[in-house]
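Here are my notes on this model, point by point. Have a look at the fold while you read.

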Amino acid sequence: MIGIVVSGHINFASGMESAIKAIVGEQEQIRFVDFVESMSTDMLEHELRKAARYVDSGDGVLFLTDIPGGSPANRALSILMDTNQIEVLAGVNLPMIANAAFERDGVSLIELVEILQEIGKNTMKDMRKELVAAMANEDAIEANGL
């Protein structure tokens with residue numbers, strides 16, 4: 001099973017941990033690492049490496065981070081450069097993290113990255129446009145007598 005490490009600024013990771021537990025339940029081989037104000041970036045990298053070792057069963061490790069170019073993403077990228085069994089996705093959201101937990105069995109690390117990128121693209125919605133489209137569809141159904 002692919003290991004997952006979620007990291008981000010302040011309480012991003014621990015907040016996602018609470019949400020993931022509520023949505024998908026307790027998960028194996030997943031760790032959440034907050035980058036808090038009291039940590040240096042070296043301390044963050046140490047914690048990320050420790051988390052990666054903990055979740056790695058040989059199928060690879062996927063880092064899911066909050067901000068592209070932020071310290072969690074950059075330090076995960078440093079770890080990625082050490083091995084080809086690490087991938088990093090930055091700019092993730094809750095649906096991506098939840099689906100990572102569901103989808104990581106039976107796929108390769110690269111396939112999981114591709115799946116999550118597609119989910120990320122499809123889960124961001126302009127809700128006004130969604131409402132207008134739904135209302136227009138409802139009006140069309142009524143006009144056609146269906």
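Predicted model: local features only at pLDDT ≥ 70, side-chain atom pairs only at ≥ 80, totals over all residues.

**Notes on packing and charges**

1. K50 and E47 sit three residues apart in helix α2, so about one helical turn separates them. The side chains of K50 and E47 meet in a salt bridge, at 3.5 Å from N to O. Neither end is buried: K50 is partly exposed because its relative accessibility is 41%, and E47 is partly exposed at 28%.

2. Staying in helix α2, take E45 and R49. Their side chains form a salt bridge too, with an N to O distance of 2.9 Å. The two residues are four apart in the helix, which means about one helical turn lies between them.

3. What else does the side chain of E45 meet in a salt bridge? R75 is the partner, at 2.7 Å from N to O. E45 belongs to helix α2 and R75 to helix α3, so this pair ties together parts that lie 30 residues apart in sequence. Both E45 and R75 are buried. Stepping back, a network of salt bridges links D42, E45, R49, R75 and D82. The total count of salt bridges in the model comes to seven.

4. Helix α3 deserves a look of its own. It covers residues 71-80, and P72, A73, R75, A76 and I79 in it are buried. Those buried residues of α3 pack against β1, β2, α2 (41-55), β3 and β4.

5. On to the nonpolar packing. The largest nonpolar core has 24 residues, and V6, L62, L64, I97 and L116 have the most contacts inside it. At least two core residues come from each of β1 (3-9), α1 (12-24), β2 (30-35), β3 (61-65), α4 (94-103) and α5 (109-123). There is also a second, separate core of 14 residues, with V33, L48, V55 and F63 among them.

6. Leaving out neighbours within four places in sequence, L62 is in contact with I2, G3, I4 and V5, with E87, V88 and L89, and with L109, L112, V113 and L116.

7. I86 is in strand β4, which runs over residues 86-90. Is I86 buried or exposed? It is buried, because its relative accessible area is 7%, below the 20% limit for that label. Beyond residues up to four places away in sequence, I86 touches V61, F63, I79, L80 and L109. Take F63 from that list: I86 and F63 are 23 residues apart in sequence, yet their C-alpha atoms are 7.5 Å apart in space.

8. D34, in strand β2, is one I'd check by eye. D34 is buried but has no salt bridge, and K21, the nearest side chain of opposite charge, is 12 Å away. What does the side chain of D34 reach at 2.9 Å? The backbone nitrogen of A13. A polar contact of 2.7 Å also joins the side chains of D34 and S14. Setting aside residues up to four places away in sequence, D34 touches G8, I10, N11, F12, A13, S14 and M39.

9. R104 is buried and has no salt bridge either; D105, the nearest side chain of opposite charge, is 6.4 Å away. The side chain of R104 reaches the backbone oxygen of E28 at 2.5 Å, and it makes a polar contact of 3.4 Å with the side chain of Q27. Not counting residues up to four places away in sequence, R104 touches M1, I2, G3, I4, Q27, E28, Q29, I30 and L112.

Conventions
Residues numbered from 1 in each chain as written. Heavy atoms only, no water. Core = buried A, V, L, I, M, F, W, Y, C linked by side-chain atoms within 4.5 Å. Buried < 20%, exposed > 50% of the residue type's maximum accessible area, 1.4 Å probe, protein only. Contact = heavy atoms within 4.5 Å. Lys, Arg positive; Asp, Glu negative; His and termini not counted. Salt bridge = Lys/Arg side-chain N within 4 Å of Asp/Glu carboxyl O. Polar contact = N/O pair within 3.5 Å; in protein donor to acceptor, adjacent residues only side chain to side chain.
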